[in-house]
Amino acid sequence: MGSLIEISSTMLYTAFVIYLIATFFFGATIRQKNKPARKGISGKIGITLTIVGFLAQIVYFITRWIASGHAPVSNMFEFVTFFGMCLVFAFIIMYFIYRINILGLFALPIAMILIAYASMFPTEIAPLVPSLQSHWLYIHVTTVALGQAILAVSFVAALIYLIRQIDQTVRSKRTTWLELIIFGLFVFIGFSVISTAFNLSGYSAEFEYSFEGQTVTTDYHLPPIAGPNEGELLTGGRMEPLFDAPGWMQGVDAARKFNTLIWSVLTGLVIYGLTRLILRKRIGAAIQPFLKKAKPDLLDEISYRAVAIGFPIFTLGGLVFAAIWAQIAWDRFWGWDPKEVWALVTWFFYAAFLHLRLSRGWHGEKSAWLAAGGFAIILFNLIAVNLILAGLHSYA
Amino acid sequence: MNKIKCECGHVNPEGTVLCEACGKPVEQNQHIDGNDKRKLLNMRYDGSARRSQTYNKSIVDKIWNFFSSVKVGVWLIVLALIASGIGTIFPQEQYIPANAVSRDPAIYYEDQYGILGQIYYQLGFHNLYSSWWYLLLIALIGISLVICSLDRFVPLYKALKRQRPRRHTQFLKRQRLFSETDHVKDDDKAKLVSGLKRKRYKIYEENGHIMAEKGRFSRWGPYVNHIGLIIILVAALLRMTPFMYLDEYVWVREGEQTVIPGTDGEYYIENKDFILETYDKNDERFQEAIEQQGMVEKNFQTNAVIYKETGEDVAGAEPELEKITEDEIRMNQPLKFDKYTLYQSGYQQNEFQNMTFKLHETGDPDEEALGSFTIDLTDPKDEYRLDNGFRVVISQYYPDYELNEGEPRSKTNYPRNPAFVFTVHPPGDEEPEMSFAGIGKNVDATGENDYKLGIQDFETRFASGLTVRVDYTLPFFIIGAAIFLLGVIQGMYWQHRRIWLHPKAEGIMMAAHTNKNWFGLKKDIEHIIEDTSVKMVDDQQEIE
Ligand code: HEM
């Protein structure tokens, strides 16, 4: 058993490294001075590596499934890893429809950021509570993840479109928003960097506080900037929190997650700041010249097509399968649980996107901003809903 | 109605933008679809005459036009989206935790979230999803959906039915994909047609003018999916009626039998056994996780027997019961019988079944029993007579005792934390004494009592919580969702593509249109012009 889990984690790690290498090959396709033939070769190596990495990740998935006896989509680590894998899969599909290398240069790093993010959560195999003991667990979760991943590809194409198209000669509202999106990605990196750093140093500080009428403890692995609301530090020799997390944060261990968020943003800011210092210009402006050869109308088309393909899948997984399962497990197919509501919000949002595009002619840049907004909602549902809102989906 | 006759001879309804037959722009109506300002024609509804764009006089017209605007529709969707999000800021009323200080929303929100919570409560956001305005918003989306769809579907359907292969050159030149080749040989033309056929286009021909079309049915996708949505909305309305939907909850204690609420006394359930299992902490796989998070539940189930009342319905008579089924009810494995479904929803551990008290002298260090009695907590008697002549009267019984602002009360009617106020009447004519006893509590009202009551023994058992559900609306939801999904897939995974070939002198004009996936259409065209002298179409789209 133990060795199977080891194989599983090794394969995940392997997949990560292969994605990284593949990214470099996709990167090589944009160098202007390359001859077209060379470009074709690096693109081919890039996509081949991506597929190999994807297969490695499938091995991770299957071995972990065998080891735990249930589909590995039942906690935050497993779900986000799977989401990253689906993103790679969605990219592969899009690649074979449109044969566009530049997509890989952005999609793979985002998938890697997700996998790195996932790995910071507890990775041990957890048993399933009764409500999760259903085939609908993986039918529902896998379809949702696939749907969201295809919608994420829409974001990737939109991001490239925005970086390519937005006028970077002067600072404007649009350049600021674009930097904000890029900064958002840096926050994820910040999270992984800071968690790894303190994990290596073995930092831990325990707090006691009252949660829903009971006294509970929580273990901080990052120094407490924000402590639990009216909590008490138990571990000696650790810094006292600078302030308490607000009382309305309701999820399990909300204060600790909030503290992690603060650390991630701060670290993200530092990395972002350093990058800006080195580049001496906006990050969007620094990337823009490399995208000169990307065709904006094709990017726009891919972004829309991804929504067209992803929307039905998301509806099926996030609303229909979710409702069927909820009916079987909780006797009602819809319960206005926060996670459910945010799936509905996501669905409304993409419905609005489609209507605006089809009937009001929101193409190109407007459509790209919307795709970014949709991805933000998906991430909000994935992360923030668990952080601040209490609910049935008590992942992590 | 002022019909419009086109130069091609076709008579179009009032409000037509592009002739239904040949596509020639109807001059006075170009502003309707904004064609007067752009080079390319707006092909969204093939320039058909839509009611909303044609009439705007009566009040009916105005209402129709309001709801058939996609702008309005999108606004409604965005408002519903924002409202839904707001409803998750604080928990909805039904999610106030059971162990909250107070489950009264008037107190809970302010207590827990301060001033913001109070505002939230006073605005009614604690019941947002059943508030009149939220339901109104959803209803408006429904109305908008119907009107919007009718406004477009009918004219679009007619226009696509009446279209002719021969198109006006103005129409062709103002398509997004267009090319003109001056010299094309006849066998190149034949190659085009066979290429189109290979790509599974349907070919229509009129005097050498060719229209190739495929995937027209995908144009109906949005209308199909909107029908699905309407069915879902109607099902949601039906669900609010008691005929279609029953929602009851029943607690059954182990070893007990009780009538199932909502069945008009027709069915009874017996809880033969309730089982709670947790994961083995020595299980190698989960060891680490269990160490971190503590015990994890593996299963809870009720071994239930369902009985049907068969006797005459005589008031007061014992029911005559016939066993109809026996099964295990678990989470994710509900039990179905007749039209009812029973779901394992919850359980209460350690609910008290009975309690035995003993009476002793207050000063006795050994607390030697003067007498004892057992209270059946589901059916406590008013008075217990002990062998030695003492009488104990139950003056107050709190099955689920708690102190609420200094006042004792019972949180629920279930014996989860029983407490009593007893009056002890000693034999003879000694004064009766009051005392209060419960789990871990034993209070003497005056502090001068001679006798004391202590808990000697008790028995607990599980109570199983089951939801009783009848839901005749489920099939409607299922059908609605299925139609919605089919419609979306029909509209998204197929596209309506048309390619026109227009002979002109020696050469040929080629134009093409699709409702989405232009990339795919261009690939089709590249394929069919292979090995011919026909020029590839230009993409005339203006990137803004
Ligand atoms: C949540 C509610 C709604 C959902 C999920 C929904 C879904 C859809 C979808 C998936 C499409 C196809 C879009 C595409 O092919 O890109 C569509 C098209 C359309 N919807 Fe909706 N819709 C909703 C509400 C509305 C409302 C309220 C209106 C009325 C204003 C409306 C009017 C339309 C129109 C006019 C089309 C285009 C039809 C065509 O051009 O053939 N929809 N809808």
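Predicted model: local features only at pLDDT ≥ 70, side-chain atom pairs only at ≥ 80, totals over all residues.

Student: Which residue of chain B places a polar side-chain atom by a ligand oxygen?

Tutor: Chain A also has a polar side-chain atom by a ligand oxygen, from Tyr304(A) at 3.2 Å. In chain B, the distance is 2.6 Å and the residue is Lys516(B).

Student: Why is the ligand site called shared?

Tutor: A residue is near the ligand if one of its heavy atoms lies within 4 Å. By that rule 26 residues surround the ligand, with His355(A), Leu145(B), Cys148(B), His226(B) and Lys516(B) closest. The site is shared because the surrounding residues come from chains A and B.

Student: Which element gives the most to the shell around the ligand?

Tutor: Helices are DSSP runs of H or I, at least four residues, numbered from the N terminus. By class (Ala, Val, Leu, Ile, Met, Phe, Trp, Tyr, Cys and Pro nonpolar; Asp, Glu, Lys and Arg charged; the others, Gly among them, polar), the shell has 18 nonpolar, six polar and two charged residues. Six residues of the shell come from the top contributor, H10(A).

Student: How much area do chain A and chain B bury between them?

Tutor: Contact means heavy atoms within 4.5 Å, and 66 residues of chain A touch 67 of chain B in that sense. Buried area is the accessible area (1.4 Å probe) that two parts lose on being put together, summed over both. Carbon and sulfur atoms hold 63% of the total, which is about 5,600 Å².

Student: How much space lies in the second largest pocket?

Tutor: On a 1 Å grid over the protein atoms alone, a pocket is an open set of points with protein on both sides within 12 Å along at least five of seven lines; a cavity is a set where a 1.4 Å probe fits but cannot get out; lining residues have an atom within 4 Å of a point. Points are joined across faces, edges and corners, and volume is the space filled by probe spheres set on them. For the second largest pocket that comes to about 700 Å³.

Student: Which helix gives the most to the lining of that second largest pocket?

Tutor: The lining divides into 21 nonpolar, two polar and no charged residues. Six residues come from the top contributor, H4(A).

Student: Which element supplies the largest share of the lining of the largest cavity?

Tutor: The largest cavity holds about 40 Å³. Its lining has seven nonpolar, no polar and no charged residues, including Phe188(A) and Phe375(A). Three of the lining residues come from H4(A).

Conventions. Residues numbered from 1 in each chain as written. Chains lettered and ligands numbered in written order. Heavy atoms only, no water. Helix = DSSP H or I, 4+ residues; strand = E, 2+ residues; numbered from the N terminus. Polar contact = N/O pair within 3.5 Å; in protein donor to acceptor, adjacent residues only side chain to side chain.
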